[in-house]
Amino acid sequence: MPAAPGLLRSPIRFQQVARFSNAPCRPGGHGLPGRSVPSSPLDSACFYLTNVKMTVTSVRFIRLSHVPSGGYVIAIGLRPADSRQFELITAKLDGSPSPRDELAIIVRGHVISAPQVVALIIDGRVQFGGF
């Protein structure tokens, strides 16, 4: 992952979670495979998403950091053009009932994480952990 500004090798899609199942997705279904908890296998859950979404193809920065308690944290600096759209999405999710307050992070067709949005994000700096 680049630490400097640049295009991403794979776009990152952020999309609101409508519901999820702890069972794998059925072939031909409308869900996306992913994990419901960080320690579970990647395709152990199935996420059903709303139309509230955005796709990011380039960033100001992206960093992967090891945390002392174990695991990793990913920090992303969105470009100004994407920051406003991300702010609007987090405003919609903040305070929504679970799981609609969760924002799926999708890479290559898989939900790699779906953290709860607990506050409006206005500065375009996104951080999530559990890896």
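**Reading burial, contacts and charges in a predicted model**

Modeller: Let's begin with F86, which is buried, at 1% relative accessibility. Buried stands for under 20% relative accessible area, exposed for over 50%, and partly exposed for what lies in between (1.4 Å probe, protein chains only).

Colleague: What kind of model is this, and how are the residues numbered?

Modeller: This is a predicted model, in which local features need pLDDT of at least 70, side-chain atom pairs count only at pLDDT 80 or more, and totals for chains, interfaces and linings use all residues. Residues are numbered from 1 along each chain as its sequence is written, and side-chain values use heavy atoms, with hydrogens and water left out.

Colleague: Where is F86 found, and which residues does F86 touch?

Modeller: Helices and strands are DSSP runs numbered from the N terminus (helices are H or I with at least four residues, strands are E with at least two). F86 is in helix 1. A contact here is a pair of heavy atoms within 4.5 Å. Setting aside residues up to four places away in sequence, F86 touches F14, M54, L78, L103, I121 and V126. By contrast, take S69: 17 residues separate F86 from S69 in sequence, and 29 Å separate them in space, C-alpha to C-alpha.

Colleague: How many salt bridges does the structure hold?

Modeller: To count as a salt bridge, a side-chain nitrogen of Lys or Arg must lie within 4 Å of a carboxyl oxygen of Asp or Glu. The structure holds two. In one, the side chains of R79 and D82 meet, with 3.2 Å from N to O. R79 is partly exposed, with a relative accessible area of 30%, while D82 counts as buried at 8%.

Colleague: And which residue forms a salt bridge with E87?

Modeller: That is R84, with the closest N and O atoms 3.3 Å apart. Look along helix 1 and you will see that R84 and E87 are three residues apart, so about one helical turn separates them. R84 itself is partly exposed, at a relative accessible area of 48%.

Colleague: Is E102 buried or exposed, and how far away is the nearest side chain of opposite charge?

Modeller: For charge, Lys and Arg count as positive and Asp and Glu as negative, with His and the chain ends not counted. E102 is buried yet has no salt bridge, and the nearest side chain of opposite charge, R100, is 11 Å away. You can find E102 in the loop between helix 1 (80-93) and strand 5 (103-107). Not counting residues up to four places away in sequence, E102 touches Q15, Q16, V17, F20, L93, A114, P115 and Q116.

Colleague: Which peptide bond is cis?

Modeller: Turn to the backbone between S98 and P99: the peptide bond from S98 to P99 is cis, with omega near 5°. P99 sits in the loop between helix 1 and strand 5.

Colleague: Which residue has a positive phi although it is not a glycine?

Modeller: R108 does, with a phi of about 55°. R108 lies in the loop between strand 5 and strand 6 (110-113), and is exposed, with a relative accessible area of 65%.

Colleague: How do I read distance along the chain against distance in space? Take P11 and S58: how many Å separate their C-alpha atoms?

Modeller: P11 and S58 are 47 residues apart along the chain, and their C-alpha atoms are separated by 7.7 Å. P11 is in strand 1 (residues 6-21) and is partly exposed at 42% relative accessibility. Leaving aside neighbours within four places in sequence, P11 is in contact with T55, V56, T57, I106 and V107.

Colleague: Where is N51 found, and how far apart are N51 and Q16 in space?

Modeller: N51 belongs to strand 3 (residues 45-66). N51 and Q16 are 35 residues apart in sequence and 7.3 Å apart in space, C-alpha to C-alpha. N51 counts as exposed, at 72% relative accessibility.
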